[in-house]
Amino acid sequence: MSLTIPGRRVLALADDLSGAAETAVALRTPAHLLLGPLSDPVPPPADGEATVVDLDSRHLPADAAAHAVRSVTGRAAEDVVLFKKVDSLLRGNLAAEAAAYAEGGAGVVIATALPVTGRTVRDGVVHLKGAALHTTDAWRAEPGPAPESVAAALGDLPVSPVPLSAVRGPLLNELRARFTQGRHPVCDAETDADLDAIARAALQLGPGVRLLGTGGLAGAVGRVLGDRAVPRPGPEAGHGSPRPLLVVVGTAEPSAAAQAAHLVADGAHHLPLTADDLLRARRPLALPATGVTVVRIAGLLAPSSARRLSAALAEAVAETSYDGDLVLTGGETARRVLDALGITRLRPVGQIHHGAVHSRTPDGRSVVTRPGSFGESDSLLRIARALRRSGHVRPVPPHHPTGVTS
């Protein structure tokens, strides 16, 4: 069952680029992706379309992150559906941004499950394939311990849990009751059907009620709002001959080395860079003019130096005057590369597997962004082959993803 609302428009916010791209595709509607911070008000999306803003706030101080949220939501039109994308592992400035996001609204419906990656919420606690988040090593690169519940991650925001039995029952009444108490509902969810129920009930509550959750909830919003096609590439999507393709691996995830190795074994050029190469030597990258090239930081990345290395890697790519297609893994690396290249706007056109989003730049080149923690060992190989095969990607509906790991 869909909830069709004529003229329904969506304005979505994310704290990093890979999350913004994931949201844009999950909403299943033509979307524009803007790279903030924005000096001017966000143009309202057209009827039946979405505007997604990457606030680039994941690593900002908490007060600056909150200000970035207010700068968008404070100017939003009353008839626009507001959606705030959050990390499914509860990383980033979640408490500060959620508090700012709640200001001026009638309430926030919160659902942080991402079932397609095995990330569920039971009794208000995020679970990774059955294990409570705070008992896993998913926060190994973070400066502190993982929160023990969604409520704990939200800080002082007044919230109230909504158990799975209520999500699968008369949910609308449950949400209304919590808003009457001045609290924001935090919903359990284990399946996409649970998220669909949450999105449907939230939208039925009318203007002023906002949604906060993962790309899974964004997908539910897209499904519930009606029969809108998955975005497809425009007529310019193909190339007469494949452009050179640069794969920039800037994530500290242990799986990244194996993913790069699969691509190199398939014939890609390999350009490993040490921290010294990036931070001291500052030599321009020697990139082949054709084929696929993988650039990655060799060795383990210490969390304390990861951001500096991502910025240095981005600058090195920009200094080569590279004008081919790009695959960028890790939200921080992806954003720094696009900033260094002066790219401020993307048009998502599809996805290769869950989270691996294919977009177009204004000058027509392809950019694929993907969170560092997503994808099986052949993820980068699949992305490169898809782009090289025909110059464009056939979109995969976000509620039937393939090749996903946590």
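## Before we start

This is a predicted model, where local features need pLDDT of at least 70, side-chain atom pairs count only at pLDDT 80 or more, and totals for chains, interfaces and linings use all residues. Residues are numbered from 1 along each chain as its sequence is written, and side-chain values use heavy atoms, with hydrogens and water left out.

Helices (H or I, at least four residues) and strands (E, at least two) are DSSP runs, numbered from the N terminus.

## Helix α3 and what comes after

Let's begin with α3, which covers residues 94-102. Its buried residues (under 20% relative accessible area with a 1.4 Å probe, protein chains only; over 50% is exposed, in between is partly exposed) are Leu94, Glu97, Ala98, Ala100, Tyr101 and Ala102. They pack against several elements, including α2, β4 and β5; contact here means heavy atoms within 4.5 Å. After α3 comes Gly104, with a positive phi near 85°.

## Salt bridges

Side chains of opposite charge can pair when their charged atoms come close. A salt bridge is a side-chain nitrogen of Lys or Arg within 4 Å of a carboxyl oxygen of Asp or Glu, and the whole structure has 22 of them.

Take Glu103 and Arg70: their closest N and O atoms are 2.8 Å apart. Glu103 is partly exposed at 41% relative accessibility, and Arg70 is partly exposed at 38%.

Now look at Glu332 and Arg336, whose closest N and O atoms are 3.3 Å apart. They sit about one helical turn from each other because they are 4 residues apart in helix α12. Glu332 is buried at 16%, and Arg336 is buried at 15%.

## His127 in its strand

Is His127 buried or exposed? This residue of strand β7 (125-128) counts as buried, because its relative accessible area is 10%. A polar atom of the His127 side chain lies 2.9 Å from the backbone oxygen of Val125. Leaving out residues up to four places away in sequence, His127 touches Gly118, Arg119, Thr120, Arg122, Ala132 and Leu133.

Notes
A polar contact is a pair of N or O atoms within 3.5 Å; within protein, one must be able to donate a hydrogen and the other to accept it, and residues adjacent in sequence count only if both atoms are side-chain atoms.
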